[in-house]
Amino acid sequence: MARYARAQTATVSVVRHNGEVEVEVSDDGVGGADPEQGSGLRGLSDRVAALDGHLEMASADGEGTTLRASIPCG
């Protein structure tokens with residue numbers, strides 16, 4: 001976030017809900033994150049998928065970025 005998003009603030013939330021760990025990370029940076037550009041977001045998505053989870057991203061230009069990962073847990 002500090003390197004690419006030029007964010008001033010970030011929030012992290014981790015909760016367990018209905019047999020899953022839900023992780024949300026948001027920032028107030030420049031937005032426009034694109035998993036096709038570079039390997040960081042693709043790598044994160046691959047790691048979440050390896051745990052049978054899924055990753056969602058919202059990153060409109062000028063509106064910051066939010067990543068949500070849901071990973072099954074016992």
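Biologist: How many helices and strands does the chain have?
Modeller: One helix and four strands. Keep in mind that this is a predicted model.

Biologist: Which pattern do they follow along the sequence?
Modeller: The order reads β-β-α-β-β.

Biologist: Which way do strand 1 and strand 2 pair, parallel or antiparallel?
Modeller: Antiparallel, over eight bridges. Thr-11, for example, has Ser-26 in strand 2 as its bridge partner. His-17 is paired with Glu-20 of strand 2.

Biologist: And how many residues sit between the strands in that hairpin?
Modeller: Two residues lie between strand 1 and strand 2. Look at Asn-18 there: its phi is positive, near 50°. Asn-18 is a residue other than glycine.

Biologist: Is Asn-18 buried or exposed?
Modeller: Exposed. Its relative accessible area is 70%, and the cut-off for exposed is over 50%, so Asn-18 qualifies.

Biologist: Which other residue has a positive phi although it is not a glycine?
Modeller: Arg-6 has one, at about 55°. Arg-6 lies in the segment before strand 1, which covers 10-17. Arg-6 counts as exposed because its relative accessibility, 60%, is over 50%.

Biologist: How many bridges join strand 3 to strand 4?
Modeller: Five, and the two strands run antiparallel. His-54 has Ser-70 in strand 4 as its bridge partner.

Biologist: How many residues are between strand 3 and strand 4 in their hairpin?
Modeller: Six. In the turn, Gly-62 has a positive phi of about 80°.

Biologist: Where is Asp-61 found?
Modeller: Asp-61 is in the loop between strand 3, residues 54-58, and strand 4. Asp-61 is exposed because its relative accessibility is 67%, over the 50% cut-off.

Biologist: What is Asp-61 in contact with, leaving aside its neighbours within four places in sequence?
Modeller: Val-30, Gly-31 and Gly-32. Asp-61 and Gly-29 are 32 residues apart in sequence, and their C-alpha atoms are 9.1 Å apart in space.

Biologist: Changing topic to charges. How many salt bridges does a search of the whole structure find?
Modeller: One. Arg-68 forms a salt bridge with Glu-24, and their closest N and O atoms are 2.8 Å apart. The pair links distant parts of the chain: Arg-68 is in strand 4, Glu-24 is in strand 2, and 44 residues separate them.

Biologist: Is Arg-68 exposed or only partly exposed?
Modeller: Partly exposed. Its relative accessible area is 37%, which means Arg-68 falls between the 20% and 50% cut-offs.

Biologist: And how exposed is Glu-24?
Modeller: Glu-24 is at 30% relative accessibility, so it too counts as partly exposed.

Biologist: How many positive and negative side chains are there?
Modeller: The chain has 6 positive and 12 negative ones. The centres of the two sets lie 7 Å apart.

Biologist: Now the overall picture. What box do the C-alpha atoms fill?
Modeller: Roughly 35 × 25 × 20 Å, taken along the principal axes.

Biologist: What share of the residues is buried?
Modeller: Buried residues are 22% of the 74 in the chain.

Biologist: One more. Among contacts between residues at least 6 apart in sequence, what share joins residues at least 24 apart?
Modeller: That share is 47%.

Biologist: Give me a recap of the strand pairings.
Modeller: Strand 1 pairs with strand 2.

Note on methods: Residues numbered from 1 in each chain as written. Heavy atoms only, no water. Buried < 20%, exposed > 50% of the residue type's maximum accessible area, 1.4 Å probe, protein only. Salt bridge = Lys/Arg side-chain N within 4 Å of Asp/Glu carboxyl O. Contact = heavy atoms within 4.5 Å. Lys, Arg positive; Asp, Glu negative; His and termini not counted. Charge placed at Lys NZ, Arg CZ, Asp CG, Glu CD. Pairing = 2+ DSSP bridges.
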